[in-house]
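These are my notebook entries on one structure. I set down what I looked up, one topic at a time.

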Amino acid sequence: MEIIDRPSVPPASSVPPARAALVKRTTLETDVTASLNLDGVGTCKASTGIPFLDHMLHQIASHGLIDLDVQAIGDLEIDDHHTNEDVGITLGQALAKAVGDRSGISRFGHFIAPLDEALIEVVLDFSGRPHLSYNLQIPNQRIGTYDTELVKEFFSAVVNHCQMTLHIRQLQGGNSHHIVEAAFKAFARAMRMAVEIDPRRATGIPSSKGVL
């Protein structure tokens, strides 16, 4: 009997799918493109026209180990609201696309981040059910030119379009910049925990219902 040596080909299931996404969203108010790679190293390119928002996007990428590129053009001559919200919407849609049916992920994430006197707790669940509990008491209405009311609007947009449950709780804090930056850092680390692949679950859906 003739024996033919054939090259070993790993089964398709052993090759992890690329957990990356690109979303472009254009309205009469904004033009936003967001691309991300959940299995990145924390690189970030952010140009939204809102310097403080760019700074916070860098926190998400760096501390979440997500490669992130967000480019936005908006009606900043009116104010920052539309651009801030639409960046959150587009980022949320990109996150939803990257995690797909959410198979294999750890699903839950929790982190408490300090920044000097500020201490912020974030707990999240890629549950498929959008919910935001937001409890930041930010003393000043502006950080530089950024209206601090827009922090909640950003997270609300992400939550609704990624379909996650997100709790943000301020344990301590007095400096507005510290409070907000600690919130973004805690969000990034909690999200990193939640989207990491659970080796014991492999490709299974992390729900007793079998679907999220």
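Entry one, backbone angles. I looked up Asp116 in this predicted model and found Asp116 in the loop between β5 and β6 (118–125). The phi of Asp116 is near 55°, a positive value in a residue other than glycine. I noted this because most residues other than glycine have a negative phi. I then checked accessibility: Asp116 has 62% relative accessibility, so Asp116 counts as exposed.

Is Arg102 buried or exposed? Its relative accessibility is 5%, so Arg102 counts as buried.

I recorded 58 residues in the largest nonpolar core. Leu57, Leu124, Phe126, Phe154 and Phe187 have the most contacts inside this core. Helix α4 (residues 176–195) gives the most to the core, with 11 residues. I also listed the neighbours of Phe126, leaving out residues up to four places away in sequence; among them are Val99, Arg102, Ile105, Cys162, Met191 and Leu212.

I looked up how helix α3 (residues 149–162) meets α4: their axes come within 12 Å and cross at roughly 15°. An angle under 35 degrees counts as roughly parallel, and therefore α3 is roughly parallel to α4. The crossing of α3 and α4 is left-handed. Which residues make the contact? From α3 they are Val151, Phe154, Phe155 and Val158, and from α4 they are Val180, Phe184 and Phe187.

Note on methods: Residues are numbered from 1 along each chain as its sequence is written. This is a predicted model: local features need pLDDT of at least 70, side-chain atom pairs count only at pLDDT 80 or more; totals for chains, interfaces and linings use all residues. Side-chain values use heavy atoms; hydrogens and water are left out. A nonpolar core is a set of buried Ala, Val, Leu, Ile, Met, Phe, Trp, Tyr and Cys residues joined through side-chain atoms within 4.5 Å. Buried means under 20% relative accessible area, exposed over 50%, partly exposed in between (1.4 Å probe, protein chains only). Helices (H or I, at least four residues) and strands (E, at least two) are DSSP runs, numbered from the N terminus. Contact means heavy atoms within 4.5 Å. Axes are lines fitted to C-alpha atoms, for helices over the stretch in contact, and angles run from 0 to 180 degrees between N-to-C directions. Angles under 35 degrees count as roughly parallel, over 145 as roughly antiparallel, 65 to 115 as roughly perpendicular and the rest as oblique. A crossing is left-handed if the near helix is turned anticlockwise from the far one by less than a right angle, and right-handed if clockwise.
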